[in-house]
Amino acid sequence: MRLLTKLASAFVAGETPDEAMKVVKRLNEKNITGTLDVLGENVTNKEEADRAVQAYLDLLDTINQTRVRSYVSLKLTQMGLDIDDEYCYQNMVKIVEKAKKYNNFVRIDMEGSDYTQKTLDIFYRLHKEFNDSVGIVIQAYLFRSEKDIEDLNKIKARVRLCKGAYKEPPTIAYKKMKDIRKNFIKLAEMLFSNGNYPAIATHDDYLIDWTKNFVKEMGISNDKFEFQMLYGIRTKTQEKLAKEGYNIRIYIPFGTHWLPYFYRRLRERKENVWFVVKNLFKK
Ligand SMILES: Cc1cc2nc3c(=O)[nH]c(=O)nc-3n(C[C@H](O)[C@H](O)[C@H](O)COP(=O)(O)OP(=O)(O)OC[C@H]3O[C@@H](n4cnc5c(N)ncnc54)[C@H](O)[C@@H]3O)c2cc1C
């Protein structure tokens, strides 16, 4: 298990808030902002969800005190969505209320398709109350996402667009990279023309180059959107984008519940699995 923990550290910024804050500070020095994620999901009891709420409240205090440039990202199943929708909503109110007080921001990650509608329902309620202090994520692999973006643009919601990281059936999701990229571009165009400060979350050069060309052609200035990437993935590209003058934010997960997150990162790229296997058998 110790070795696995070491391997996970390629994608996870440590187990404690202190370790994660050091990473944010280092990134800030390179003109890169952060979004901190206390790892955890599919919580099944209120004690654990309450602890997660407290961890985020403390984290928002720390961000405010240390003046690092970072907001937070979280998952609703960490806040009790599997326990009770209303309980989860009330937990989110506590967190978003505090973020608003500090002029900060909470991004609600998007999980597997069983949770898409519930997540959007809670997001819409929170947005009504807290407006731009809360944002959402849309996954380009889902067929439904075009309609979701149409609706989210109507209220000028802040959307992070990503491909999607969960295993979804072909009845509801594009499976081929070519189709996912095509839909990503379609949705990104919608966000650029009618959205509110879209976050283009990808490590894919094809989509990064498309974005750079599109904003140039349309005369969209760099302060109207940001790129986002994950901690530990394509670090050089992250720094290059910052140097080129683009806004770039890194998703920085930390904590002890790293296994599902780590598993999703492995699934995205077969080379990662080989890396793990090789290291497991290394003497
Ligand atoms: C900031 C951010 C937030 C996200 N939030 C969510 C969310 O809320 N919900 C959700 O479902 N998904 C989320 N994702 C994950 C996303 O949906 C994709 O699964 C993930 O980003 C991989 O797709 P890609 O577009 O980066 O391109 P890919 O085509 O998968 O990768 C392009 C290139 O990036 C590098 N790369 C990509 N992934 C890895 C990896 N795991 N390890 C090493 N190198 C890699 C490789 O060089 C690869 O060739 C998020 C991603 C980012 C960047």
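Trainee: Which element gives the most to the shell around the ligand?

Mentor: In this predicted model, strand β7 gives the most to that shell, with three residues. The shell as a whole has 23 residues, and the closest are Asp 109, Cys 162, Ala 165, Thr 202 and His 203. The elements that give two or more residues to it are β4, residues 134-139, and β7, residues 226-230.

Trainee: How many residues of each class does the shell around the ligand have?

Mentor: Sorted by class, the shell has ten nonpolar, six polar and seven charged residues.

Trainee: Which residues of helix α6 are buried, and which are exposed?

Mentor: In α6, which runs over residues 145-154, the buried ones are Ser 145, Asp 148, Ile 149 and Leu 152. They cover an arc of only 95° around the axis, and so they lie on the same side of α6. On the other side of that helix, Lys 147, Glu 150, Asp 151 and Lys 154 are exposed. As for what lies against the buried residues of α6, they pack against α5, β4, β5 and α7.

Trainee: Why are α6 and α7 called roughly parallel to each other?

Mentor: Angles under 35 degrees count as roughly parallel. The helices α6 and α7 pack at an angle of about 5°, with their axes 10 Å apart, and they are therefore roughly parallel to each other. In α6, Ser 145, Glu 146, Ile 149 and Asn 153 meet Lys 186, Leu 187, Met 190, Leu 191 and Asn 194 of α7. By class, this contact has four nonpolar, three polar and two charged residues.

Trainee: What makes α3 and α4 roughly parallel to each other?

Mentor: The reasoning uses the cut-off of under 35 degrees once more. For α3 and α4 the packing angle is about 5°, and their axes are 9 Å apart, so these helices are roughly parallel to each other. On the α3 side, the contact is made by Ala 49, Val 53, Tyr 56, Leu 57 and Leu 60, and on the α4 side by Asn 91, Lys 94, Ile 95, Lys 98 and Ala 99. By class, the contact of α3 with α4 has seven nonpolar, one polar and two charged residues.

Trainee: What is the phi of Asn 42, and why is Asn 42 called partly exposed?

Mentor: Most residues other than glycine have a negative phi. Asn 42, although it is not a glycine, has a positive phi of about 50°, and it is found in the loop between β1 and α3. A residue is buried with 20 or more C-beta neighbours, exposed with 12 or fewer, and partly exposed in between. Asn 42 has 15 other C-beta atoms within 10 Å, and so it is partly exposed.

Trainee: How do you know whether Asn 103 counts as buried or exposed?

Mentor: Asn 103 has 8 C-beta neighbours inside 10 Å, and therefore Asn 103 counts as exposed, the cut-off being 12 or fewer. Asn 103 is found in the loop between α4 and β3, and its phi is positive, about 60°, although it is not a glycine.

Note on methods. Residues numbered from 1 in each chain as written. Predicted model: local features only at pLDDT ≥ 70, side-chain atom pairs only at ≥ 80, totals over all residues. Near = placed C-beta within 6 Å. Helix = DSSP H or I, 4+ residues; strand = E, 2+ residues; numbered from the N terminus. Nonpolar A, V, L, I, M, F, W, Y, C, P; charged D, E, K, R; others polar. Arc of directions from axis to C-beta. Contact = placed C-beta atoms within 7 Å. Axes fitted to C-alpha atoms, helices over the stretch in contact; angles between N-to-C directions. Parallel < 35°, antiparallel > 145°, perpendicular 65-115°, else oblique.
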